[in-house]
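Dear colleague,

Please find below the structure that I am handing over to you. My notes on what was found in it follow directly after.

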There are 2 protein chains.
Amino acid sequence: GEDVLTQERAGSNVPVEQLNELLFTREVIERKRRILGILKSHQVFDKSQNYFSGRIERFERALAREKKLRLLIKEHNWDPDEFRTATELVSEPGPYGLHDSMFKVTLDGQGTPEQQEMFLTLANDYKIIGCYAQTELGHGSNVRGLETTATWNPQDKTFTIHSPHLTASKWWIGSLGRTANYACVMAQLIINGKSHGPHPFVVQVRDMKTHEPLENIHVGDIGPKFGYNTMDNGFLLFNKVKIPHISMLARFSRVDPATNAYVRQGSPSLIYGTLTWVRSTIVMQAGSVLARGVTIATRYCAVRRQFQDRDAPQGEKGESPVLNYTMVQIRLLPLLAATFALHFTGAAMMALYQESQKKMNTRDASKDSSMRRPGPEETESGSDILADLHASSCGLKALSSTIAAEGLEACRRACGGHGYSSFSGIGSWYADYLPTITWEGDNYMLTQQVARYLLKSARAVLANKGPANDTTRILSHFHSRSEVGCAFDIIGSDSDLVDAFAWRASFLTFEALKHRDEHKKPWNDLLVDFYRLSKAHSQYMVTKSFYEALQSQATTSKINTDTLELLKKLFRLFALHTLEQEASEFYASGACSKHQISLARTNTVMRLLKEIRPHAVKLVDAWGFDDWVLDSSLGRSDGKVYEDMFYRASELNPLNRITVDPYPDSAVLFRRVEGEVKSKL
Amino acid sequence: GEDVLTQERAGSNVPVEQLNELLFTREVIERKRRILGILKSHQVFDKSQNYFSGRIERFERALAREKKLRLLIKEHNWDPDEFRTATELVSEPGPYGLHDSMFKVTLDGQGTPEQQEMFLTLANDYKIIGCYAQTELGHGSNVRGLETTATWNPQDKTFTIHSPHLTASKWWIGSLGRTANYACVMAQLIINGKSHGPHPFVVQVRDMKTHEPLENIHVGDIGPKFGYNTMDNGFLLFNKVKIPHISMLARFSRVDPATNAYVRQGSPSLIYGTLTWVRSTIVMQAGSVLARGVTIATRYCAVRRQFQDRDAPQGEKGESPVLNYTMVQIRLLPLLAATFALHFTGAAMMALYQESQKKMNTRDASKDSSMRRPGPEETESGSDILADLHASSCGLKALSSTIAAEGLEACRRACGGHGYSSFSGIGSWYADYLPTITWEGDNYMLTQQVARYLLKSARAVLANKGPANDTTRILSHFHSRSEVGCAFDIIGSDSDLVDAFAWRASFLTFEALKHRDEHKKPWNDLLVDFYRLSKAHSQYMVTKSFYEALQSQATTSKINTDTLELLKKLFRLFALHTLEQEASEFYASGACSKHQISLARTNTVMRLLKEIRPHAVKLVDAWGFDDWVLDSSLGRSDGKVYEDMFYRASELNPLNRITVDPYPDSAVLFRRVEGEVKSKL
Ligand SMILES: Cc1cc2nc3c(=O)[nH]c(=O)nc-3n(C[C@H](O)[C@H](O)[C@H](O)COP(=O)(O)OP(=O)(O)OC[C@H]3O[C@@H](n4cnc5c(N)ncnc54)[C@H](O)[C@@H]3O)c2cc1C
Ligand SMILES: Cc1cc2nc3c(=O)[nH]c(=O)nc-3n(C[C@H](O)[C@H](O)[C@H](O)COP(=O)(O)OP(=O)(O)OC[C@H]3O[C@@H](n4cnc5c(N)ncnc54)[C@H](O)[C@@H]3O)c2cc1C
């Protein structure tokens, strides 16, 4: 194993550190190294038992780790970036997770200064430990359908929080199961018998001393899951619980205690800004989430040897690394390319977001009343910077998390039988990542929002009043050439390749528009088309972002020409492989010919695999995962795959401390456990 | 929940029992019901703690269940079919698994009468508990590369079994980790310094009394896995262990103790028959494996309501069952169709296999020496019945297990957030099924065998000496029309639809042949084409089998016309949806036009979804899974989804017996456990 990876590395001129710095900057890398050193020095973060423990033990240890992180923050005076780095390195969901990410963020974004004073200070101090309780047993995606009620009591100026049915029980609420003593509860605000829709309420759920549930509150953990078992996702039922007026987070709307009137104020579009931000981070993370799996699988497939090449010269004897087989390459190398594609796309999204926030703040200051709308569906197409960004973030969140999740499973399979062992390190990572497909907008449903936006943009283009953004640009261009068609040199020109993606997305947009506006097809009949459309548009954005990143000064100034050329090959592999997977849409739109697709498939992609292959190990090295972080026998950077598998199985595995009685006619199951004699059942 | 499914059922005229009998026969259904009653009456089979327990507890319980099953066999005098039914109903891998399936089968198939007398009798009695130890840490797919040696010692007429390197350690061996006391070990036979390739040896590994490992044997469990954790997959290292002459299973080859010569005898093609048989059962099972997931997701999506239809009339108020959304239908209903497609394909394979065995036995009796060949690669194309069947079984094993595994994950996702809960019952079932993609021939690698066979058949057709089987029939037909092309009415005619699949598979075969024989491309450069080719050919076989099953008297005589029509719609949905997914290959081959694909996609498939939708719940009912077997909150046949989720979370979940100390400055983690006060760490 060892020599193999050394040889692999010797065979490639990729400057690993340079590329690593391009991805993360020197500062971030340095920070990671420093914090990793600290984590490794504390026994509680030791991972050696992770794969062996049951749910309760894992939860207990996760809680211990969260507590330790808190102490380390104080001890080392970590800033939020340093703290985020630490949790990324620990790489497991923990019981404080939602407190930091959602509870405090909601207080911060939706609380008044008074409320922040009251709750946020305690929350920052971990006296209050909170969670974000929106989803119910009966409702997730459809937030307007939530059943929990918060009824305003004019007499004593309180709200009564109540769960009228079993399906109103809050469900899936991270950190709530065992840990939180507070919850930010989304409930239907009812004033004088009239519902005003879901609003956020800060509610204490457990006693601050005993940590037992308060009266008339039924709260607990929802049980084991496919992954995420170090987190205590919880349920919560209220039996007419009274809470004070201050509990309703009142930055954007409140009940006037004097008049009992419902009052709106400020710009809730900021909330949608947060949603967009969260989705952009998912895009950004998708690259590195996938990169872990790709790192593990690539290293292992370089070490793993199986069979001789059928056409190997007579003299050659040894078996081939399975990474030499094109059928392994076609599964792994496009995913390797995708890690970079997603990374650059995420970075571009973040930049766009920050830019838009700046503009928004300027506008906000001028109190633009046209912004006071409840949701992105209602914003004017294009006129609003957020609308474009929001749609992009929806589509890209769906596409990138699907690529990452399915890519991880492809990596696991590429490792053959050993991929199925927990020690591969891919399975648990995949299982923990899977909910990303469902939360922050179910990936299938998000595509409806993207399609809606694209249809609006297309209508604007047809009406000749489209605003100037990239979406209307590509749609206008397509429309202007409806009688001329196109000719893209997809194999010879990278920019043509990007344009072909734009063409296909535009084609699908106008097709969908025809179905909806001309043929008057019901919305529901078009969902499948919308899904395809959203995917096509998002693939265009990824391709474009990757392309542009490689053109930009920010990139070219940081890496040498050879590396830039190699990244361009990764770009081509990603784009052409995607194009090939979606070939029928590219045909149908006329973006390319049968012959081009056939050439791309049989020549170009295969040649790119060959050209990238020698650099595969160094390219994954450039992602810079420490062995401690990967916690994988197969992905060890020194290639000692088998030694590590064996050590874990033979030395660490607790099942081997048990001797069974194997005979069916004996009722004894475990005969001997760790030296002591035991007889059970 | 409850009323919903009642209404769903009232809205469809599918005769559930009739269809259930078509799938399984009345006899099998009756058997299932009887055995299920027995299992339910024994506490040890109670499933209520399954999702909560850790590995050791689950393994212990699995062992207890296996023992109980043994006693029940005796008590009720179960025949092998009844026993298989029982294990299917228990639905979890158990520590005796490999003893029954592989150890005894190997003794039976490869042992001499003397060896069977010696080992099989004890094995049947569970005095000897065995496993099948082929795979090593360093070698799985490439069996010829195994490193364990069995060296013949002429002096004392023994073999020395030895593991020369760490990578020679046996690995993944089911039932070996803690349970087995014997192993059938595949080792390189070495006589007088010369290796004769891998051969099977029966080796005792643990003491019959103490169950401790014998001297010079290092054996244990390989640790936790992505699934299959009720099974003790094991490792095994030998340090020069001597075993007697009788240990080498000698039906097909042996060492003559007098002359020390290596002697071959008999027809090992029977072994390949077994492989073909095993793969055929995987095809057959794939349908019902998938049907579990489809049953759960379909029922849940009928119960789950979310959002109002955007185009719903003003008056209508309630939310829609998510099964009404076409984006949910397109994910689930083609899988529902696939369950039937795979079932009928498996049945057809089984029938072909039995037929071929009959013919083989006739031939075997005549001692046809041309049969004495080591493997299917070396058989003459077409001249051998086994070759065709073997290739089909390889391709279909790969395709069907991939469909089932990926389909289960699609079902899980279709359930939204709740699909992620263990109580969905899909996750663990999926995780336990996943190795099927890798074992009995890695799905990616199997496609090489299929392609090799198809290339040979195509060469035979070109040389005008193809034997008469279906493969050569479709290849000849394609070849004969190479100057004429084709015209398939894929939407209007079911048989044309099947022919279009044949055309595309044939097209890809001749394309691949051109690359290999004319362009002399290296084998390795063609692996991706081979993968596509194998998939295409297997999809043709599934489509054809499904089509033929619906034409056959055996089917039409057992169900009424409406049901037959509905099954034909499922056939069309399966075929057209598959065609649409693979559209670019159908274009490229000329099997259909852009316009046909576009019509299939936007009209036909969407219409079929609508037509099948009302029958979805009854169609899954027809698979006849008992609630006890599904063990799923979401899949309950009475639709009490939320009640069951809540009960399991709130009442059964052991984590809720623990009160934590949530504050970071306290070192206490678990403050109170089940009433007792506890302070740890
Ligand atoms: C691990 C995990 C952690 C979570 N943490 C939290 C938390 O901390 N706080 C919190 O509030 N929530 C949390 N959630 C809940 C999560 O946000 C929801 O599960 C998610 O929003 C999906 O909603 P749902 O489960 O109701 O899906 P549903 O809306 O019920 O979807 C079910 C199916 O129907 C489809 N569907 C639904 N409506 C439509 C439509 N209109 N058109 C087409 N298809 C449709 C979906 O695509 C899906 O396939 C968590 C969930 C998980 C799995
Ligand atoms: C749960 C489980 C239970 C098992 N039980 C048993 C048991 O009881 N007894 C037993 O003996 N074994 C058992 N096995 C082992 C199993 O049979 C092997 O894992 C399987 O044969 C795959 O072999 P491998 O792991 O060596 O994969 P590898 O051959 O190492 O494959 C690794 C990767 O390389 C690719 N690859 C390899 N060679 C080529 C090639 N020539 N061309 C193209 N691609 C290639 C594969 O597609 C795969 O992606 C079990 C495995 C599992 C997961």
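**Findings**

A:Q285 is placed in helix 8 (residues 269–303) of chain A; helices (H or I, at least four residues) and strands (E, at least two) are DSSP runs, numbered from the N terminus. With a relative accessibility of 41%, A:Q285 counts as partly exposed (buried means under 20% relative accessible area, exposed over 50%, partly exposed in between, with a 1.4 Å probe and protein chains only). Between A:Q285 and A:D46 there are 239 residues in sequence and 24 Å in space, C-alpha to C-alpha.

Please note that this is a predicted model, in which local features need pLDDT of at least 70 and side-chain atom pairs count only at pLDDT 80 or more, while totals for chains, interfaces and linings use all residues. Residues are numbered from 1 along each chain as its sequence is written, chains are lettered from A and ligands numbered from 1 in the order in which they are written, and side-chain values use heavy atoms, with hydrogens and water left out.

The average pLDDT (the predictor's confidence in each residue, from 0 to 100) of chain A is 93, and 94% of the residues score at least 70. Residues 365–383 of chain A have a pLDDT below 50, and this stretch has 33 contacts in the model beyond near neighbours in sequence (contact means heavy atoms within 4.5 Å).

As to the two copies, chain A is superposed on chain B by a rotation of 180 degrees with 0.0 Å of shift along its axis (RMSD 0.0 Å), by least squares on the C-alpha atoms of residues with pLDDT of at least 70 in both. The two copies are thus related as by a two-fold rotation axis. Of the interface residues of chain A, 99% are also interface residues in chain B, so the copies meet through the same surface.

Over all chains, 56 aromatic pairs are counted; rings of Phe, Tyr and Trp (its six-membered ring) pair if their centres lie within 6.5 Å, and planes under 30 degrees apart count as stacked, over 60 as edge-to-face and the rest as tilted. The pair of A:Y420 and B:W172 is tilted, because the ring centres are 6.1 Å apart and the planes stand at 40 degrees. This pair crosses between chains, from the loop between helix 10 (385–414) and helix 11 (427–433) of chain A to strand 4 (residues 170–173) of chain B. Both A:Y420 and B:W172 are buried.

Yours sincerely
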